[in-house]
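Thank you all for coming.

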Amino acid sequence: MNRPTLLFCLTAVVAMASSCSRKMDPVPPGPAPLVVNLDYLRHLGLDAVVAGKPVRVVSLYAEAPDYKPTGSPERDDYEGIASLDDAARAAVAYLRAYERTGDVRYREQALGLLAFVVSMEQGDGEFVNFVDAHGRPNRNAESSRKSMSFWAARSLWALGEAVRVLGPKDSVRLGVMRPVLDRTIARVAREVSAGRLIDGSSTATAEALLGLLALERAKHDPAMASLAAATASLLVPLTNGGADVPPWGARVERADADWHAWGARSTQALATAAVVLNHPDFAVAAKKEADGLWSRFLLAGQVASSVSPDGTAKWYPQIAYGLGSVVEGYLALADATGDQRYEVFAGLAASWFAGSNPAGVAMYDAKTGRTFDGIDGPSPVKLNRNAGAESTVESLLAMQAVTDNPEASQYISYHPIGTLSQSLSRLPDEREFAGPDGHTVVLRQGKSGLEMFRRHSSSPSGSPATSSRTRSSEPVTLTYWPAANPSETRLATKLAAQWNLENPDVQVRVQPLPAGRSTEEVLLAAIVARATPDVSSNVSSALLARLVRANGVVRLDTRSATAARLQERTSPAMLSSLRLPDGGIYAFPWKTNPMMLMYNVDLLRAAGVSPPRNQTEFLEACRRLTRDTNGDGRTDRWAFWATLKTTWYERFYDFYPLYLASSGGRTLVENGKIVFDNAAAVSALEVLRHGFDEGVLPRSNFALGRDPFMDGTVAMKIIGPWFLKELDELKIHGLRYDVTPIPAADGTPEGDRFAFADLRSIAIFTTTRHPEEAARFVAYLTSPAADRLLIEEASQLPYRRGLDSDPRFTASLKRWPTLSTYATYVERTRDIDLDPDIVEMFDLLSEAYEESAVYGKVPVKQALTKAATEARNILNAR
């Protein structure tokens, strides 16, 4: 069989592009992504024995300059060496780190701290807070008494996050914690049902609510959702004042009480409740404090420590515990409302950690993971260089949230210009914040809250933003090439229009890829001509390795915006097979179409066949479904159709999905070596060979343009979720369908079953003049809001962790029949290898398929051995 002519053309184009690329100017690196470092938190950790059980705790204090972990000083009545308050929040930080990185060391640290949480529960859902150096609980101090208080609420938060993040992975150890969790929930429910805030505090109530919401996210439970909604409802009426009346929407327990920045998590909890419970009114309530009081903080250029009912502000001490809750509150609001402004505001508030503070010192040190205990006062500035548990944990929680958000991570390096305001009643009309390279953003109070303008510092004062990211007064223009198919063109047009509305400084021009030509052909030719777009969203894995070899695309995991989105959207396991040999990510994994077995419900039922789970059942189903329905002596109904075509990508619909279903995630190439001559490949080809030999698979192709599944000629087909939109548009009368995982080889463990991803990625090309703006646009195209639109418009799935259980996407997934089932496999997919010769390897497998499975000319093992040998020759010839 001859290789496709296109392959030779592309190889020649790559060679030309590689030669031309030597003359290309390198794309300048952007600001390095901020690193969240938990080393210092580990330094503060101590082993202890509480109630006869080994646990981990976090030392309360560590004083400069040696930062040796110490306990409570005399001023605090020697409360103890460690507290539940700190340990529970530290567990949340470790759980977040484990969720993002998969590093089991973080899981073990979290579980050790959770063991401490469990040991401090007193059998009725109430907790003691402090222990001494010998692990003895302090039952006497007011700040440690057995109660349903702050430390109990934070315990619920930590235990809820553990259930959400660890789930069945640690079912045994979570099972030990479950009775404590159940008693704590019951104790909280008593307070809520009586209409009481937890310990009379909005902060404690908010943190208990975050725990309930984590549990609801882990598994929907009507009783849990009801309790969470009732808890959130206690926070709603606590706002005091109005847009122009002090204290400007501050959420406080009593009208005569001061608002404290310390642990002010009500906004975060309410906004999160709006998403998890699908209750938009909670987001409206959350905005009141953020749009009122917090807006004044940003105009003042600093966040107050406390605010009295008449609006008088105290500015010190400034501590991480006071800034972190504002940062996370803004980000939760951005998630609940889709309003990009809140992401920017979160970054500006978080800039305190990076050095935008009265001391002019980075409070958080990414190299060590240490955060100073705060700024105690002005004139002269009193910097507290100690670094205890609370400052460390609160800083890490804020930094984890910021580094997950592309916009916030951009603005953490900004600082306010001009004198900081000392009064919240007398504020400037606008506040300008300056960032690297002269980029600025201006905030101004408007009718709908705080308005945002991006501009360069040399622009006329008060003029709207034209470009905060270029020295030109004209907007930056990016060219975006999406796929030419109608649904993706519509999606691209909608997203670009919204982006252009929100970003007047960076405008995007949509130009679909030319129809009738392959994406590979168009993009590689464009590289040779140095006429590539800034961004394209139809990059296959087959093309990516060639683009990298031609020096045609920009690395994305080292750019702030795309690195943040990768962290927010994926996990290390999801990215591991997408990294090039240098460890880099050169295209953003955008959407996936996990291949599953779609079947005609009525045809299987009439034949008495259940959806096949393994390849033996698949063959048996083929035997029972294939038949002559009209008695003319010729088969006219088939169970399954495997095409006779040998074009390389046709194996995406037969051999390759069957192979991945049994391969344990192994693809064709591993560490530069061919590995597909294995039992999973043999099994996949054997089941097809038996089907052809027995006459239950047709040795013919159906008419061009006809889909035999749609007209009932074929009962099963391997297909991805993009097909759902086509089925919906055609509205075929009487067709009822469902999907099931691809049948695996008999005896394959559940954990070894993977689906073919059919991944498409977004690339930034090295010809771009605006890599940072392009990275921001790519981060926007892969945002939660854009991902919802992708699902709703195109019946395709974002390559996003936890998609099937994420409440932000529940309604969108229900838009299409069976799409929720497809979504369960997003994290259990494998694509084709990122190898420049992968097309040739699939050509070799197509030859093996034709020779051994379709026509049975040679045994399957012999055909695979031949294909593997030739593939190795290709690799060795490089």
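Let me begin at a strand pair, where K591 stands opposite P798 in β32. Before I go further, please keep in mind that this is a predicted model, in which local features need pLDDT of at least 70 and side-chain atom pairs count only at pLDDT 80 or more, while totals for chains, interfaces and linings use all residues. Residues are numbered from 1 along each chain as its sequence is written, and side-chain values use heavy atoms, with hydrogens and water left out.

The names I use for helices (H or I, at least four residues) and strands (E, at least two) refer to DSSP runs, numbered from the N terminus. Two strands are said to pair if DSSP finds at least two bridges between them. In the case I opened with, strand β23, residues 588-592, is joined to β32 by two bridges, and the two strands run antiparallel. Both belong to an open sheet of six strands, whose order is β21-β20-β22-β31-β23-β32, with mixed pairing. Its edge strands are β21 (506-510) and β32 (797-798), each of which pairs on one side only.

Across this sheet there is a helix to point out: α16, residues 519-528, lies across β20 (476-481) and β22 (535-540), and runs at about 130° to β22. For such angles, axes are lines fitted to C-alpha atoms, for helices over the stretch in contact, and the angles run from 0 to 180 degrees between N-to-C directions. Contact here means heavy atoms within 4.5 Å.

Next comes helix α17, residues 541-549, which is mostly covered, with seven of its nine residues buried. By buried I mean under 20% relative accessible area, by exposed over 50%, and by partly exposed anything in between, using a 1.4 Å probe and protein chains only. The buried residues of α17 are S541, A542, L543, L544, A545, R546 and L547. Just after α17, N551 takes a positive phi of about 55°.

Strand β24, residues 596-600, is also mostly covered, since five of its five residues are buried. In a regular strand the side chains alternate between the two faces of the sheet. In β24, M596, M598 and N600 point one way and L597 and Y599 the other way, and all are buried. Which strands are joined to β24 by four bridges? One is β28, residues 714-719, which runs antiparallel to β24, and there the bridge partner of M598 is K717. The other is β29, residues 737-740, again antiparallel to β24, where the bridge partner of L597 is T740.

There is also an open sheet of three strands, in the order β9-β10-β11, with antiparallel pairing. Its edge strands are β9 (259-260) and β11 (313-314), each pairing on one side only. Two bridges join β9 to β10, residues 306-307, and W259 stands opposite V307 in β10.

Now to the helix pairs. Helix α7 (residues 202-218) packs with helix α9 (residues 266-276) at an angle of about 25°, their axes being 9 Å apart. That makes α7 roughly parallel to α9, because angles under 35 degrees count as roughly parallel, over 145 as roughly antiparallel, 65 to 115 as roughly perpendicular and the rest as oblique. Residues of α7 that include A206, L209, L210 and L213 meet residues of α9 that include A269, T272, A273 and V276.

For the second pair, α23 (residues 679-693) and α30 (residues 860-876) pack at an angle of about 130°, with their axes 10 Å apart, which makes α23 oblique to α30. Here A681, V682, L685, E686 and R689 in α23 meet V860, K861 and L864 in α30.

Is D124 buried or partly exposed? At 31% relative accessibility, D124 counts as partly exposed. Leaving aside its neighbours within four places in sequence, D124 is in contact with K146, R183 and R187. By contrast, the C-alpha atoms of D124 and A526, which are 402 residues apart along the chain, are separated by 69 Å.
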